[in-house]
Amino acid sequence: MVADTDAKEHTMIKRSLRTFATALIICVTLNGCSAFWGESDQLHELSMMVPNTPGGGYDIAARTVTNIMEKTGTTGHIDVFNVVGDDETIAMERLLKESGNANLMMMMGLGMVGACYGSVSNCRPSDATALALLTEEPEVVVVPADSPYKSIADLISAWKADPVSLKVGGGSSRGGPNYLFPMELAHIIGIATSTVKYVPFAGDGQMLPALLNHRIAFGATGFAEYRDQITAGQLRVLAVSAKDRTGETLAPTLKEAGIDLVFMNWHGVLAPPGISAEDRARLIDILTKLHQSQQWKQALVDNEWTDVFITGDAFAQFLKQQERLEAATMKQLGFPAKA
């Protein structure tokens, strides 16, 4: 009985090996070995780093991107994780230390450029591998539903009368979009930037309670971050920083209110430095397929994002331009240049 059992097991093993070998031959013949290893495995090992807290603009963008990639079958499951600390520079430094890791991406944007400029860190987004610029979006000026400010004119009047007492909040550190926007607004309407009481939060999710409880008078943010609260009537949008009115906000632009300011935030995707040209092309191809999907087109509409898709070297040039613009803007606002 034992001998018979051993013989049967030996036969089953031989059949299994023949089956695998046949499949492997077919795979090689058809140049489709990704079903066993290689590209398919790489697509299933991808991770997306978010350089801020859950619920903020980066987090919403990253999870929207990865959900669409997974649902469309562009990739397998993508691990999304948040890295919080030192105003986004911890995440930037971690990405740079992951040199050669072709399975890691990071969602980033203007806030990352500002964070690196405003910190003692020597990290720069342009030192990483540029993959794709995805979207741009305006900022919105939001107040709680029971705010005494019923229009942007009301808010500006009160702000100019007492800039020290009127606090503005944002989910950006110094140099980020939610910081730059109210500073540029103050500069244009004649408020000294040194008197602006800006309260930074580690993401828009942490700013919401302060806004609803009137610990800050108004917030500077993107529409997508507070879409649910705006739709539910908890928050009101007084103005949008776009050139023209957009989608669901139905709020006037600053230009309509007589304020000559257009301000746009943006989001893009980086990979660590030191990856091969082939791996860079693979990741760009994944993001290109995302951009071509109907699900992504709908996400652009839902979140009031503008499609500004560029990839590779064009995005790398854009990053360097944004770093130069950040330095010039901070200088214009009266802040010393980074040492």
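The structure is a predicted model, so to speak: local features need pLDDT of at least 70, side-chain atom pairs count only at pLDDT 80 or more, and totals for chains, interfaces and linings use all residues. Residues are numbered from 1 along each chain as its sequence is written, and side-chain values use heavy atoms, with hydrogens and water left out.

Start with α6 (residues 152-161) and α7 (residues 177-189), whose axes come within 11 Å and cross at roughly 75°. Helices here are DSSP runs (H or I, at least four residues), as are strands (E, at least two), numbered from the N terminus. The axes are lines fitted to C-alpha atoms, for helices over the stretch in contact, with angles from 0 to 180 degrees between N-to-C directions. On the α6 side sit I156, W159 and K160, which meet P182, L185, A186 and I189 of α7; contact means heavy atoms within 4.5 Å. Six of these residues are nonpolar, none is polar and one is charged. Nonpolar covers Ala, Val, Leu, Ile, Met, Phe, Trp, Tyr, Cys and Pro, charged covers Asp, Glu, Lys and Arg, and the others, Gly among them, are polar.

Helix α7 also carries Y179, which pairs with Y198 in strand β6 (residues 197-200), 19 residues apart. The two rings are edge-to-face, 5.1 Å centre to centre with 85° between the planes. Rings of Phe, Tyr and Trp (its six-membered ring) pair if their centres lie within 6.5 Å, and planes over 60 degrees apart count as edge-to-face.

On a 1 Å grid over the protein atoms alone, a pocket is an open set of points with protein on both sides within 12 Å along at least five of seven lines, a cavity is a set where a 1.4 Å probe fits but cannot get out, and lining residues have an atom within 4 Å of a point. The largest pocket holds about 320 Å³. Its lining has 15 residues, with E184, V262, F263, L325 and T329 nearest the centre. Helix α12 gives the largest share, six residues, and the lining divides into nine nonpolar, four polar and two charged.

The largest cavity has a volume of about 150 Å³. Among its 18 lining residues, G57, Y58, G171, S172 and D204 lie nearest the centre. Helix α3 gives the most, three residues, and the lining splits into two nonpolar, 11 polar and five charged.

Methods: Points joined across faces, edges and corners; volume = space filled by probe spheres on them. Phe/Tyr/Trp six-rings, centres within 6.5 Å; stacked < 30°, edge-to-face > 60°.
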